[in-house]
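Student: Could you walk me through this structure, one question at a time? I am new to it.

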Amino acid sequence: AKLNEQTLIANQQKQALTLNQQALQLAQKQKDLDRLGYLKTQSELQNEQKLQASILQKNKIQAKLDNEVNGKQIAKQQQQISSDRTFKNLLLLAIALAVLVAGLFFYNFKKTAKLNKIIGVQKTELENLGQVKDKIFSIVSHDMRAPVNSLMSFINILDAGEIPQQKLAVYSQNLKQNLTYTSALMNNLLHWAASQMQGFKPYPELIIVKNIVVDVVNTLQHHSTAKNVSVQIDVDNDVSIVTDKNMLAAILRNLISNAIKFSYKNGEVLVKCKQQNANVLVQVIDAGTGVSAEQLAQLNQQNAYAADSKRGTENEKGTGLGLMLCKTFCQQMGGKLSVENNETSGTTTSILLPA
């Protein structure tokens, strides 16, 4: 429509120019016509100005409408941007909450798994303690009853009087062996029970290792002499350790007694000790029967509570509580006990204690 109007105006202007030209050509001839033509031109120019003013007003109105439309579009776009920003923030918040919930779930899962693991370990320990308790009851009910019955029978025989001297010596020897075994068993049971009831705590003091080893070897002299087993001591006089004297003595007594029990007649047991940086290594080495692979795995378990015992080379009895007691005492003193077979024969039992 604007193009048509502009075209119309252009045509009108062209006609006006043509009339002006005609008026100029007829100026001399028709002055009245010139005046009329002038008035006509003036009228047309006024109409044209009015038309231009109308067009300008129309353009202003159109521009105003366009500005309003653009403003509405801008406001709509801003609103959309604000909505998008709000949605983005909500989405980020939802993701953060999801991550937090997942983290809490994972933490609870790990915590539950850790608690289940601890419960499993405690269950295993309780089961092992139950086995040890059953083993102790079995020992008390069976192995301790026999020596007492033997002693009562021997006393009854003595009360009866008439017993040959040769049989008396045999009975006395058998009774001595049974009572020696019972005494060692009672000591181990009492020490182990005290350690499990937390009534046997280590009292560290500075001691010379060789003095403890010599005292223990002397207390086991009758056992080694009966089998003609030589106990050699390879410990320097200056090796010292800060630990519980009674615990260390109980450990050495059990280890040396086991070494003698599993040694052959005329055999040899070696007790070695040396300083290793901040630790002291004590080893009891024998050349006896050795230990099977299954027993080694059982003895070297970190949480072993009891081991299957076997008889010695002279049919000496054992309970399996000795090494269990040694492991318990080593752990209480911050040390470690390990058992391994020698290349030729026998075993090496090692205890590593902090000096």
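Tutor: Gladly! Let us start with a term: buried means under 20% relative accessible area, exposed means over 50%, and partly exposed is in between, using a 1.4 Å probe and protein chains only. This is a predicted model, where local features need pLDDT of at least 70 and side-chain atom pairs count only at pLDDT 80 or more, while totals for chains, interfaces and linings use all residues. Residues are numbered from 1 along each chain as its sequence is written, and side-chain values use heavy atoms, with hydrogens and water left out.

Student: Is Lys 227 buried or exposed?

Tutor: Lys 227 sits in helix α6, residues 221-227. Helices are DSSP runs of H or I with at least four residues, strands are E runs of at least two, and both are numbered from the N terminus. The relative accessible area of Lys 227 is 3%, so this lysine is buried.

Student: Which residues does Lys 227 touch, not counting those up to four places away in sequence?

Tutor: Contact means heavy atoms within 4.5 Å. Leaving out residues up to four places away, Lys 227 touches Ile 260, Lys 261, Phe 262, Ser 263, Lys 265, Asn 266, Thr 313, Glu 314 and Glu 316.

Student: Asn 266 is on that list. Is Asn 266 buried or exposed?

Tutor: Asn 266 is found in the loop between α7 and β4. Its phi is near 65°, a positive value in a residue other than glycine. With a relative accessibility of 58%, Asn 266 counts as exposed.

Student: Where do the buried residues of α5 lie on the helix?

Tutor: In helix α5 (residues 209-219), the buried residues are Val 209, Ile 212, Val 213, Val 216 and Val 217. Seen down the axis of α5, they fall within an arc of 130°, taken from the directions from the helix axis to the C-beta atoms. They therefore line one face of the helix.

Student: What covers the buried residues of α5?

Tutor: Several helices and strands contribute to the cover. It includes β1 (205-208), α6, β2 (230-235), β3 (240-243), α7 (245-261) and β4 (268-276).

Student: Which residues is Val 213 in contact with, beyond its neighbours within four places in sequence?

Tutor: Val 213 belongs to helix α5 and is buried, with a relative accessible area of 0%. Its C-alpha atom is separated by 9.5 Å from that of Ile 256, 43 residues apart along the chain. Beyond the neighbours within four places, the contacts of Val 213 are Ile 233, Leu 252 and Val 271.

Student: How many helices and strands are there in the chain?

Tutor: The chain has 355 residues, of which 28% count as buried. Among contacts between residues at least 6 apart in sequence, 74% join residues at least 24 apart. The count you asked for is 9 helices and 7 strands.
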